Amino acid sequence: LKRLNISNTLGQFLLALFAISVIAPIAWVLITSFKNNTELFSSPWSVPTKPKWENYPVALETAQVTKRLLNSLIATVGTLIILIPISAMAAYVLAKYPFKGASAIKFLFRSGLMFPNFLVIIPLFLMFTSLHLTNTLYGLILAYVAYSLAFSVFVLGGFFEALPNELIEASMLDGCSHSQTFWRVMLPLAKPGVLVVTLFNAIGLWNEFPLAFVLIPTKSPYETVPVGLRTMTMNQQYTADYGPMFAATVSFMIPIMIVYILFRKRIQETMLAGAIKG
Amino acid sequence: MSLRPRTRRNLFIAGYLGPALLTYLVFVGYPLIQTFFLSLYSWRGVSENKKFVGLRNYELLAKDPIVHKVAFNQIAMMVLATILIIGFAVAMAHALRRRTFVAKVTEVLLLTPQVLSVVITSTVFVFMLNPKYGIVSNILNAVGFKYDGGVLGNEWGAKIVILVAFVWNALGFYVLLFGAGLKSIDEEVLEAAQLDGAGGWKLFKNVTWPLLWSVKKVAVVYVVSNVMGIFALVTFLTNGGPGDTSNMLLNYVQRLGFDQTRFGRAVALAVLGFFFAMIVGWISNLAIGKDPTKARKSAVTG
């Protein structure tokens, strides 16, 4: 029994260590975002006596916080609006309409899951350059749609396959066309799957870095949050005033933290569902 | 509309599959095929003058000392990250089953690093390790680790920070995964084992650990493919430095292609990456071995 207690204490200690490792850095960045340089260098842990609120307006200006947040929002929402319908349509056909070549197409989508997409970045970049799609948000959205398809079609396919075929037959007997059956009967029933795919992609796209980094050049007005953060950390050695840099980091954290706090349970379930299906 | 049902069905299939399939083939499939061809050419910049050079790009890569460093880092990262992540995740998933205050708080925080994403957490890491004002570098200095240019300016410091940051970012997800695995283990099996006198470490080693087989398999496949996909982490933390000692595959592809405009050589490295990913996937499948519960079941029937 004694041994059991030791391992229990050790386990709780490990959990505490993890919790602190998450809270402490966020707390430090938050505190520092209200400091001036002198306070930052003299006492890294103390709470500033007089919070320097001006760091935030300065950050919004210099780090172009609003513009970058807006670009990320456009890229994420724009991608989802195209991605979700077309991947649901394709997944449905592949799951419920057997035809010659269907398994080959399924294999094509599946194999897209097996390699990091950055490995094809150079041909993609050359193609985007010749089509004048680099340095545009719609180009980025197009790339995002294409590179989110494999996962989305695969996961949604699993949800559609679980629905009974009798539903389609019944709906068709009621006089619905193939399209009507899909939009009115099958898609609403696959809603849990659509939610999983939407949430999973939303978080992934909001944070997407490699494609945006290559397809949107630095100092472009179309920089998303991740690319903006990269520009900021690269320039930090030339920064004279550190407070606003921390304030900008906090500003970039806030939207995704709100989403996490609101949907934590759902996000945890989604990540697991995405993993086990994917 | 008096189309035959068969025609209607075919039109429906084509119309609904078309948008996704076309987008996928044009923007994923075509560049993928091109990757293999382009690796046989040499050209600089976006120019159209591509020169066929056969396998010369591959020869240059084989002789490139940075490629050797990248390969070492990639393999070391896979092995160490797999061990650390699975070890910590199993321990934490066990600890979470006791509903203490600490457990409840930790559960809420589990996915925070992942949802904030490596982009933000790495930015915060860079701040914390800044030699001028970072709190972690202050602590390290106090303990006696002093490096010029900070921890990230030191070869092994940079490597260790990348490993720690990777494991820390990913860990929460694997805790959830093993938590689900533990939940799926039949209570009766555990009780029966306890009645037989197994407890603590013995119970874990002989019963729980083997029964987690399918979760372990998912975990290994995921860690390995996540390591293959490391890019932002290294870009933000070290950008491969100092002197390419902490560089990894995708970062070196980016360096060769976009910073040095050696597109042919960068594409050839990507091709090597594909084969590497395939071989590693195959090896990790072998390493996990066969399903032990399956063997037992067939032993009973046979």
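Modeller: Gladly. This is a predicted model. Start at the surface, where Phe36(B), Phe275(B), Met278(B), Ile279(B), Trp282(B), Ile283(B) and Leu286(B) make up a nonpolar patch. Their accessible area together is about 770 Å².

Colleague: Which helix gives the most to the nonpolar patch?

Modeller: Helix H13 of chain B, residues 263–288, with 6 residues. Leu286(B) sits in that helix.

Colleague: Is Leu286(B) buried or exposed?

Modeller: Residues over 50% relative accessible area count as exposed. Leu286(B) has 58%, so it is exposed.

Colleague: Next, the backbone. Which residues does a cis peptide bond join?

Modeller: Read omega here. Gly241(B) and Pro242(B) are joined by a cis peptide bond, with omega at about -5 degrees. Look for Pro242(B) in the chain B loop between helix H11 (232–237) and helix H12 (249–259).

Colleague: And phi? What is the value for Lys219(A)?

Modeller: Lys219(A) is not a glycine, yet its phi is positive, about 70 degrees. The residue lies in chain A, in the loop between helix H11 (210–215) and helix H12 (225–234). Its relative accessible area is 77%, so Lys219(A) is exposed.

Colleague: Where is Thr261(B) placed?

Modeller: In the loop between H12 and H13 of chain B. Thr261(B) also has a positive phi, about 45 degrees, although it is not a glycine.

Notes. Residues are numbered from 1 along each chain as its sequence is written. Chains are lettered from A and ligands numbered from 1 in the order in which they are written. This is a predicted model: local features need pLDDT of at least 70, side-chain atom pairs count only at pLDDT 80 or more; totals for chains, interfaces and linings use all residues. Side-chain values use heavy atoms; hydrogens and water are left out. Patches are made of residues with over 30% relative accessible area and no salt bridge: like charges are joined within 9 Å, nonpolar side chains (Val, Leu, Ile, Met, Phe, Trp, Tyr) within 5 Å. Accessible areas come from the Shrake-Rupley method with a 1.4 Å probe; for residues, only the protein chains shown count as cover. A salt bridge is a side-chain nitrogen of Lys or Arg within 4 Å of a carboxyl oxygen of Asp or Glu. Helices (H or I, at least four residues) and strands (E, at least two) are DSSP runs, numbered from the N terminus. Buried means under 20% relative accessible area, exposed over 50%, partly exposed in between (1.4 Å probe, protein chains only).
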